[in-house]
Structures are given as structure tokens and as C-alpha cells.
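Subject: Handover of a structure and the findings on it

Dear colleague,

Please find below the structure that I am handing over to you. My notes on it follow directly after.

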Amino acid sequence: MTPGRTPEAYVPAPERAPEDGAPVRDESEEGSGRRRRLEYPPAPEPLPASVIDNHAHLDFRDGQVAVSVEAALDTAEAVGVAGAICVGYDVASSEFSVTASDAEPRLKAAVALHPNEAPELTAAGEFDAAFARIAELARQDQVVAVGETGLDYFRTGADGVAAQQESFRQHIALAVELDLAMQIHDRDAHEDVVAVLQDAPELPRSVVFHCYSGDAELARICNAHGWYMSFAGTVTFKNAEHLREALEIADPQLILVETDTPFLTPHPHRGRPNAPYLIPQTMRLMAEVRQTGLDSLCQQVMLNTVQAYGSWT
């Protein structure tokens with residue numbers, strides 16, 4: 001794979017036509033309605049030491065390119081991304097994550113119902129059945145985390161808060177019961193996420209704020225409680241100074257990295273499709289913010305990942 005050129009697996013070709021029924025990312029920018037560029041970005045320079053993509057949705061496709069899990073991980077491995085956690089957000093995606101990680105040793109799985117799913121499932125009388133299926137999947141050997149769970153007040157109004165919080169509590173209890181890590185989705189809900197965590201009788205062995213979106217104050221809270229902060233491409237955005245301030249003061253032993261593929265592509269390719277092979281873009285910015293060597297930061301992030309989830313070998 002040549003740095004500066006789009007990896008072959010991500011170049012549109014008839015033999016990689018999208019599969020029917022696969023989730024597809026919206027072709028417009030979130031909130032703006034503008035049409036996105038759908039070409040995948042060029043490959044970055046490889047990292048000097050390996051890291052793991054802490055959070056990716058490999059069941060999603062973007063544009064007209066359907067990339068297999070194996071091809072996505074091969075491409076990522078070529079730039080120093082040794083593996084990934086494939087994260088569920090509903091029953092179907094959680095089943096995909098478990099199946100994919102069963103077939104691919106570089107992949108681990110996380111399973112959950114997304115907070116935006118909870119009010120809809122509750123209103124339809126379907127939450128209990130869906131959560132029971134998540135609990136069943138969570139018992140599979142390749143599952144290392146319950147997630148993504150948490151709270152999202154951006155898309156769900158006040159009438160959905162109670163259902164989201166109850167779902168969050170049940171996911172916390174499941175992670176505790178099975179001794180799994182937990183990946184939190186926290187959007188416009190920092191205070192309530194912290195409150196639910198602090199009110200829980202017991203917390204999972206690892207609490208991870210996926211796509212960390214808080215400021216320095218939340219980072220101080222995470223530092224005090226030993227909660228991991230997983231930084232995505234958003235930390236590279238020009239308007240994300242609050243994320244860089246949080247990263248600057250984060251306990252080095254609590255820092256993780258992710259893509260949230262196919263979303264949140266790092267600068268300068270914001271808005272284009274994302275993939276695990278683009279993690280080096282984010283890691284290089286993180287090293288600059290931390291004023292540390294890229295090699296040492298990669299090693300620390302890998303150590304943190306193993307501490308949070310267990311070994312990939």
C-alpha cells in the first residue's frame with residue numbers, strides 16, 4: 001500500500017458492489033444537508049508501533065464501496081493498526097459483530113442497544129426481547145465489551161430520557177455480571193452520564209467514553225475515576241479545541257484511539273468516508289497535542305487497550 005494513494009480495497013470496482021441490505025451512511029453532511037465527497041482518503045504514513053481501533057462499525061458501508069472485514073483489517077494492518085473492536089448498536093449489528101469477530105482473530109466484538117434505540121423499542125414493547133438477545137450475544141467468547149450504550153440527548157427529546165437511562169442501567173449491570181468492559185456513547189448528556197455511573201451499585205471493570213466529546217472538566221472526572229477516554233477524528237477538527245484541552249490533561253494511562261468508522265474522518269478529510277487505516281492521522285495529532293513522541297504514544301495506547309479489554313493474541 002502506497003502512502004498518499006487510496007488503498008485498493010477502497011477504490012470503487014464492480015466486484016466490490018454494495019451488498020443488498022447492508023447499512024449505508026447518509027450521503028449528506030450531518031446537519032448541513034450538503035452532499036459529501038464519497039471517495040475514501042489516501043493512505044497515511046504507517047505508525048511506528050501498532051495500535052488498536054477501539055471502536056468501528058464494519059457492517060456499515062459508505063458510498064458505493066463495500067469492503068470486507070478482512071480487507072479492512074489488512075489495509076489497516078499495513079499502516080500499523082493491528083486490530084479493531086467491531087461495535088454493535090442494535091440486535092442486527094451486534095450479531096454482525098459477533099459473527100465477524102468469530103471469523104477474524106484481529107477483531108473483537110462489543111454488543112448493545114444504542115441509547116437512541118431504547119425509547120423506540122420501549123414504546124413498541126420490544127425492549128426486553130431485544131435486550132435479552134444482547135445479553136445472549138454478550139456471553140460469546142469474542143465479546144470484550146458491552147457497548148455502545150449510554151445517553152444521547154441530541155437526537156432523543158425529553159420524552160425519551162427515562163427509557164435511555166433505564167437502558168443504560170441495564171447495560172451497566174450486564175457488563176458487571178459478565179466482567180466485560182463498557183463503551184459509552186455520550187452526546188449532549190455529560191452530567192447525566194456521570195450521574196448514572198456514580199449512582200450504579202457497581203461499575204464494569206473498564207469504563208470507556210467512546211468518541212470522547214467532553215471538555216477538560218469531564219477529563220478531570222475521568223482521571224479521578226479511572227475511566228478511559230477514546231479519542232476519534234473529532235479531536236483533529238479545527239473547532240474542537242475543547243477536545244484537545246481534554247486530551248492534554250488526560251491521564252496517559254486512560255487514553256485510547258478509535259475511528260468510529262465510517263464516521264468522523266480526521267482532518268483534512270473531514271466528511272469523507274472513514275476507515276481503520278486512517279487512525280495514523282488522529283494519532284499524529286494526538287502526539288502533537290501531548291507533546292510526546294509518536295512511538296511512545298502508540299505504545300502507551302496499545303498498553304491501555306490491552307488493560308481495558310484484554311489481549312488481542
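Predicted model: local features only at pLDDT ≥ 70, side-chain atom pairs only at ≥ 80, totals over all residues.

Asp179 is placed in the loop that runs between helix 5 (161-178) and strand 5 (181-187); helices (H or I, at least four residues) and strands (E, at least two) are DSSP runs, numbered from the N terminus. The phi angle of Asp179 is near 55°, which is a positive value in a residue other than glycine. With a relative accessibility of 48%, Asp179 counts as partly exposed; buried stands for under 20% relative accessible area, exposed for over 50%, and partly exposed for what lies in between (1.4 Å probe, protein chains only).

Residues are numbered from 1 along each chain as its sequence is written, and side-chain values use heavy atoms, with hydrogens and water left out.

Gln291 also has a positive phi in a residue other than glycine, near 55°. Gln291 belongs to the loop between helix 9 and helix 10 (294-309). Its relative accessible area is 73%, so Gln291 is exposed.

Two cis peptide bonds should be noted next. One joins Gly147 and Glu148, with omega at about 10°. Glu148 is part of strand 4 (residues 143-152). The other runs from His267 to Pro268, and here omega is near 10°. Pro268 sits in the loop between strand 8 (255-257) and helix 9 (279-290).

His210 is located in the loop between strand 6 (207-209) and helix 7 (216-225). Its relative accessibility is 5%, and His210 therefore counts as buried. Not counting residues up to four places away in sequence, His210 touches His55, Glu148, Gln183, Ile184, His185, Ser230, Glu258 and Asp260, where contact means heavy atoms within 4.5 Å.

I turn now to a pair of helices. Two packed helices are described by the angle between their axes and the distance between the axes. Helix 2 (residues 91-103) packs with helix 4 (residues 127-137) at an angle of about 10°, and their axes are 10 Å apart. Axes are lines fitted to C-alpha atoms, for helices over the stretch in contact, and angles run from 0 to 180 degrees between N-to-C directions. Helix 2 is therefore roughly parallel to helix 4, given that angles under 35 degrees count as roughly parallel, over 145 as roughly antiparallel, 65 to 115 as roughly perpendicular and the rest as oblique. Helix 2 contributes Val91, Ser94, Glu95 and Val98 to the contact, and helix 4 contributes Ala130, Arg133, Ile134 and Leu137.

Glu104 lies in the loop between helix 2 and strand 3 (107-111). With a relative accessible area of 9%, Glu104 is buried. Its side chain makes a polar contact of 2.9 Å with the side chain of Arg106. Apart from neighbours within four places in sequence, Glu104 is in contact with Val69, Glu70 and Leu73.

Glu39 is found in the segment before strand 1 (51-56). Glu39 is partly exposed, at a relative accessible area of 45%. Leaving aside neighbours within four places in sequence, Glu39 is in contact with Arg272 and Pro273. Glu39 and Thr6 are 33 residues apart along the chain, and 8.6 Å separates their C-alpha atoms.

How many disulfides does a search of the whole structure find? The search finds zero, a disulfide being a pair of cysteine sulfur atoms within 2.5 Å. For Cys86, the nearest cysteine sulfur is that of Cys211, 16 Å away. Cys86 is buried, as its relative accessible area is 0%. The sulfur of Cys298 is too far for a bond, because the closest cysteine sulfur, in Cys211, is 19 Å from it. Cys298 likewise counts as buried, at 0% relative accessibility.

With kind regards

Note on methods:
Polar contact = N/O pair within 3.5 Å; in protein donor to acceptor, adjacent residues only side chain to side chain.
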